[in-house]
Amino acid sequence: MASELGLYDLAKYPFLPEAGEYVRSHGLSVGALAQPDYHAILERATQRVMEAARGKDPSEEVDEKDILSFAVSILLVKATKLDHLLSRFALTEAIRVEKLLSKEKPWMIERIVEASTSIDVSQANLELAGRPLEFKVPVSEYLKRAPKFSSDKWRLLNQIVDGGYVFLTRPDLIRLFREEISKTIYARAKSVSVPKLPDALEKIVNEIVEATPTPKRLEYERGRKPEDYPPCIVHLLESQSKSENIPHFGRFFMATYLLNVGKTVDEVVEMHKTVPDFDERVARYQVEHIAGLRGGRTKYKVPTCRTVISHGMCYKHPIYCYNIRSPLQYPSKYSAKLLRGKRKEKAGKE
Amino acid sequence: MKRIFREFYFKNAEKVEIPSRFDRREFGYTPFEGGMIRHLAFKEAGEIKALLVREVPRSAFYSVSYYLEPSFQMMEKGWIGGDLAFDIDADDLGLPCKMEHDIWACVNCGLREIGIKPEKCPRCGESKIDEQNWSCRKCVGGAKEETIKLLDILMQDFGLMKKEIRVYFSGSMGFHVAVESKMFEEIDQMGRNEIADYVAGLGLTPALLGIYPQSNFEELYRKLPTVGEGGWRRRIAQYFNKEEVEGYDGVEKNGREKIAYIYKTLGYSKFKKMLEDASRKIGVAIDTSVTTDVHRIFRLPETLHGETGFLKRRCDDLFRFDAFNDAVALGDEPIEIFVDISPRFTIRGQSFGPYRSERLKLPTMAAVYLIGRGVAKVP
Ligand code: SF4
Ligand SMILES: [Zn+2]
Ligand SMILES: [Zn+2]
């Protein structure tokens with residue numbers, strides 16, 4: 001049973017559409033933000049963004065002005081034009097939501113999950129094995145998320161499954177939807193466009209930029225070993241070794257990737273030799289071109305996962321490919337092992 | 001054999017069951033001449049039937065998955081979703097009747113005998129030995145029981161409806177179950193792996209029963225499963241409720257007390273081991289790799305199995321289904337063949353064999369059964 005949301009509820013979960021309406025009806029203008037009336041809100045918004053910028057644990061103290069302070073903090077974040085700050089902001093806000101939800105009324109939890117996923121969560125009020133199983137979600141939705149958590153605890157076999165539902169405790173339910181809540185906040189923030197800000201606000205924006213550490217640039221290791229290549233590259237290499245015909249994009253993708261992980265032009269050309277219509281001169285020319293040794297001298301970038309997906313060449317690993325944008329971010333064996341945690345080998349049949 | 005199959009498809013191609021969304025599925029077949037043809041796609045159901053009549057395949061297949069471009073190479077097909085597929089094979093059950101009907105053949109000297117394959121060939125000492133699994137009524141009966149267990153899990157635990165589940169006799173050793181459900185079709189390989197292990201009972205931990213290494217005994221009892229619960233907890237409780245346990249003399253009927261007793265006697269690590277064995281027994285003997293692999297192809301329903309001449313047959317009434325009767329598609333017309341070796345077998349109530357190096361006349365259905373298995377030839 002869903003009840004009416006109070007202002008305090010909207011302040012806790014200001015990414016809900018109802019909160020957006022409230023902000024709109026309030027008719028807040030950017031110009032007004034510099035006025036003393038809004039001092040407290042501006043201050044709170046700045047604090048919010050700073051929490052994200054400095055990677056602090058978000059506070060759980062919320063009051064009614066936070067419906068507006070959330071909207072203002074999005075303005076500030078967007079005005080910095082720092083994309084990584086936006087992601088951090090969404091994550092920090094999501095963690096706050098998670099903390100708040102852990103003490104929330106069950107119907108509110110349902111509502112928040114439904115607002116970010118459109119999934120039907122229902123209350124179960126079951127107690128089994130000494131655990132209160134407050135909620136249930138459809139098995140299929142569970143299976144779209146839980147398998148990537150890779151610990152035995154999340155295995156379907158270790159859940160209570162009945163009548164098409166998986167029964168979950170409160171922390172597990174919230175954990176299951178964490179990424180989606182964070183994505184919802186990110187998407188909300190991303191869609192906001194920022195008008196010209198008054199000088200007083202510009203000053204704050206500059207302070208935020210100063211306080212935001214530049215993200216560590218991803219250093220791609222040189223000399224990555226073949227067993228650490230991402231599944232998309234492994235598949236291409238396999239079909240190449242079987243002399244299957246690989247579309248142009250596939251060859252281009254492979255070449256950029258291999259050059260990026262430290263293979264030389266010679267080595268990459270050598271690897272192409274199994275291709276049915278191999279012509280060393282042409283292949284060398286192409287690879288050198290990709291490496292930026294010829295033509296425009298631009299070194300070609302490795303295509304993003306999204307591009308690889310659109311060419312139907314992605315073989316997404318459900319765990320290791322999670323949350324990565326470029327095949328270069330695929331974890332190496334070492335990090336993969338860490339990620340894998342304790343997942344044991346399954347007793348499979350032949 | 002091809003002539004017999006041709007005649008069959010000429011008369012029966014109409015009855016072949018064309019899977020739903022066939023225009024999004026890949027088709028393939030193995031010709032009698034050998035090899036495998038894949039990546040076929042069809043816009044009209046009639047074209048599939050025409051292919052059977054024209055090409056007369058030894059076996060014909062369809063993909064469990066749906067693709068944007070079913071005729072493209074695997075990498076480029078564009079996976080949209082797929083049925084959930086389960087394969088239950090009598091051979092995995094390891095029933096004692098295998099001894100009566102399996103055949104082994106020495107790779108080196110060619111010696112062939114009926115029975116379980118030996119470590120080494122008794123004639124030449126070769127250790128490479130091929131085996132061929134046959135099936136009998138008992139095997140198919142065993143596979144049927146497993147299939148019934150599977151249906152219970154699909155409906156009770158996963159909440160699927162009967163109309164979303166199709167059960168088939170595979171045409172040879174067991175059963176295929178295909179689930180077509182909006183809810184499950186987009187589940188990826190990882191999710192399917194979870195389903196497979198759930199169904200098979202692989203990886204169950206004592207935590208599900210509320211048992212942890214440090215649990216104290218008093219509070220444990222409250223957490224143990226009872227037969228009145230759902231999912232695997234119910235199955236475990238039912239299983240132990242029925243199991244004879246040495247030294248246990250309680251009378252309680254919900255399973256708890258007996259589990260508590262066993263746990264107390266065995267201790268955590270032995271109990272864990274025993275629970276793993278029990279859950280494998282309770283679980284369904286599916287080939288988990290079939291369920292997990294979204295690129296699998298399945299035999300087309302109501303087509304002939306190239307190794308038996310039986311039909312892959314829809315079983316709407318699994319309890320009454322009798323494979324050696326209901327899946328028999330070919331007739332009685334006698335054919336003269338030379339049989340190298342064959343165990344005893346029964347088709348449509350007629351019993352045949354065992355045979356050893358003999359030339360004889362058998363009804364088409366029995367002759368094709370032996371030729372398909374590769375133990376007989378038309379002289
Ligand atoms: S997600 Fe990216 S890295 Fe992983 S297989 Fe797909 S394209 Fe390759
Ligand atoms: Zn031999
Ligand atoms: Zn048997």
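Here is a short tour of a zinc site, a ligand shell and the nonpolar cores in this structure. Please keep in mind that the model is predicted. The zinc ion (ligand 3) is held by chain B residues, while ligand 1 is surrounded by residues of chain A.

**The zinc site**
- Four residues coordinate the zinc ion (ligand 3) at 2.1 to 2.3 Å: B:Cys97, B:Cys136 and B:Cys139 through SG, and B:His101 through NE2.
- The arrangement is tetrahedral because the 4 donor atoms subtend angles of 103 to 123 degrees.
- For reference, the ideal angle for four tetrahedral donors is 109.5 degrees.
- Along the sequence, the donor residues follow the spacing C-x3-H-x34-C-x2-C.
- Distant parts of the chain are linked here: B:His101 lies in helix H3 (residues 98-101) of chain B and B:Cys139 in helix H4 (residues 137-157) of chain B, 38 residues apart.
- B:His101 counts as buried because its relative accessibility is 4%, and B:Cys139 counts as buried at 3%.

**Around ligand 1**
- The shell includes A:Pro230, A:Cys232, A:Cys305, A:Tyr315 and A:Lys316.
- Helix H11 (231-241) and helix H15 (305-310) of chain A each contribute at least two shell residues.
- By type, the shell has 10 nonpolar residues, 1 charged and no polar.

**Nonpolar cores**
- The largest core has 181 residues, and A:Tyr142, B:Phe86, B:Phe158 and B:Leu370 have the most contacts inside it.
- Helix H4 (residues 66-80) of chain A gives this core its largest share, 10 residues.
- Beyond its neighbours within four places in sequence, B:Leu370 is in contact with residues including B:Trp134, B:Ile337, B:Phe345 and B:Tyr355.
- A second, separate core has 24 residues, among them A:Ala255, A:Tyr257, A:Val269 and A:Ile290.

Terms used
Residues are numbered from 1 along each chain as its sequence is written. Chains are lettered from A and ligands numbered from 1 in the order in which they are written. This is a predicted model: local features need pLDDT of at least 70, side-chain atom pairs count only at pLDDT 80 or more; totals for chains, interfaces and linings use all residues. Side-chain values use heavy atoms; hydrogens and water are left out. Donors are N, O and S atoms within 2.8 Å of the metal (3.2 Å for Na, K and Ca); water is not among the atoms, so sites may look incomplete. Four donors count as tetrahedral if all angles lie between 85 and 135 degrees; four count as square planar and six as octahedral if opposite donors are over 155 degrees apart and all others between 65 and 115; anything else is irregular. Helices (H or I, at least four residues) and strands (E, at least two) are DSSP runs, numbered from the N terminus. Buried means under 20% relative accessible area, exposed over 50%, partly exposed in between (1.4 Å probe, protein chains only). A residue is near a molecule or strand if one of its heavy atoms lies within 4 Å of it. Ala, Val, Leu, Ile, Met, Phe, Trp, Tyr, Cys and Pro count as nonpolar, Asp, Glu, Lys and Arg as charged, and the others, Gly among them, as polar. A nonpolar core is a set of buried Ala, Val, Leu, Ile, Met, Phe, Trp, Tyr and Cys residues joined through side-chain atoms within 4.5 Å. Contact means heavy atoms within 4.5 Å.
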